[in-house]
Amino acid sequence: MKLHVFNQNFSSWSMRPLLVVKKLQLPVTISAYNLADAAHVAKVKAEVNATGFLPALEVDFPGSGKATVIPDSLAIIETLNDLFPNAQIWPQDVCTRAKARSLAAEMHSSYQHVRTAMPCNLRTQTLAEIQRILHVWETARAETIATLGSKKDDGWLFGEFSGADAMYFPVVTRFVSYSVEISGSFPLAKKYMERVLQDGAVKGMYATGFNEEWVIEKYDKVYVGGRRVNVTA
């Protein structure tokens, strides 16, 4: 089984299923490609996914006769959940699991301004979406703390690490990259970010991305002289 990904330093969609694999130590081989290299993209189109888009999970399902390619971050996470049920990618409680999947789906389909406007210019819509994300985190953590009580709470959105955290992980890194300062209005969201950043698997991915030889100049330039953003409720 192979997970094909683009640059760990730049491809947020690749980072999501990659964190699931690394955090839960799933037996999946990682194949990395440089999205800025035409030869790499051509290889992806010829050998992995004809659209040229990654990530993609390559699986030899029993009886299929050939490898099946599953593109799309969320679809990959769900497929990994089916293939490795004991890994508990989603919370075991049915209500909590539904909430986690809902948050993951919201990340998958929303926040277009954060994705597109934030790298080049912070606009009103972007700030509103940042507030919305922080509210999502704050609410999820508050409900988790209230629900778990004295039970184990590892500081993730729903206590234990889940697919929802994998979907929001690149947002945490983006808030760090663009110096988004979180006010005291979102104390649980701020603690959640700290929890994500101190995780061993996350630190490992940071190290890999930082030391990656591939450079995409138009993205690297974004961080030079970027202004600090303060977000309040």
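The expected span of a helix is 1.5 Å times one less than its number of residues. In this predicted model, helix α1 covers residues 12-23.

The buried residues are Ser12, Ser14, Met15, Arg16, Pro17, Leu18, Leu19, Val20 and Val21.

Two packed helices are described by the angle between their axes and the distance between the axes. Helix α7 is formed by residues 163-177, and its axis comes within 8 Å of the axis of α1, with a crossing angle of roughly 125°. That angle makes α1 oblique to α7. The handedness of this crossing is right-handed.

Helix α3, formed by residues 73-83, is another neighbour to consider: the axes of α1 and α3 come within 9 Å and cross at roughly 15°. Angles under 35 degrees count as roughly parallel, and α1 and α3 are therefore described as roughly parallel to each other. The crossing of α1 past α3 is right-handed.

## Helix α4: length, sides and ends

Helix α4 consists of the 16 residues 94-109. At 1.5 Å a residue, α4 should span 22 Å, and the distance of 22 Å between its end C-alpha atoms agrees with this. Which residues of α4 are buried? They are Thr96, Ala100, Leu103, Ala104 and Met107. Because these residues cover an arc of only 100° around the axis, they lie on the same side of α4. The face turned away from this buried side carries Val94 and Ser109, which are exposed.

Both ends of α4 have a local feature to note. Just after α4, tyrosine 111 takes a positive phi of about 60°.

## Backbone exceptions in the loops

Most residues other than glycine have a negative phi, and most peptide bonds are trans. Several places in this model depart from that pattern. Aspartate 72, which is not a glycine, has a positive phi of about 85°. Aspartate 72 is found in the loop between β4 (68-71) and α3, and is partly exposed, with a relative accessible area of 33%. Glutamine 88 is likewise not a glycine and has a positive phi of about 55°. The loop between α3 and α4 holds glutamine 88, which counts as partly exposed at 42% relative accessibility.

Where is the cis peptide bond that involves leucine 54? The bond runs from leucine 54 to proline 55, and its omega is near 15°. Proline 55 lies in the loop between α2 and β3.

## A buried asparagine in a loop

The loop between α2 (38-47) and β3 (56-59) also contains asparagine 49. Is asparagine 49 buried or exposed? Its relative accessibility is 12%, so asparagine 49 counts as buried. The side chain of asparagine 49 makes a polar contact of 3.0 Å with the side chain of threonine 51.

## Residues apart in sequence

Two further pairs show how sequence separation and spatial distance may be set side by side. Leucine 3 is part of strand β1, residues 2-5. At 1% relative accessibility, leucine 3 counts as buried. Along the sequence, leucine 3 and serine 31 are 28 residues apart, while their C-alpha atoms are 6.2 Å apart in space.

Alanine 140 belongs to helix α6, residues 124-148. With a relative accessible area of 5%, alanine 140 is buried. Alanine 140 and glycine 159 are 19 residues apart along the chain, and 9.6 Å separates their C-alpha atoms.

How values were computed:
Residues are numbered from 1 along each chain as its sequence is written. This is a predicted model: local features need pLDDT of at least 70, side-chain atom pairs count only at pLDDT 80 or more; totals for chains, interfaces and linings use all residues. Side-chain values use heavy atoms; hydrogens and water are left out. Helices (H or I, at least four residues) and strands (E, at least two) are DSSP runs, numbered from the N terminus. Buried means under 20% relative accessible area, exposed over 50%, partly exposed in between (1.4 Å probe, protein chains only). The arc is that of the directions from the helix axis to the C-beta atoms. Axes are lines fitted to C-alpha atoms, for helices over the stretch in contact, and angles run from 0 to 180 degrees between N-to-C directions. Angles under 35 degrees count as roughly parallel, over 145 as roughly antiparallel, 65 to 115 as roughly perpendicular and the rest as oblique. A crossing is left-handed if the near helix is turned anticlockwise from the far one by less than a right angle, and right-handed if clockwise. A polar contact is a pair of N or O atoms within 3.5 Å; within protein, one must be able to donate a hydrogen and the other to accept it, and residues adjacent in sequence count only if both atoms are side-chain atoms.
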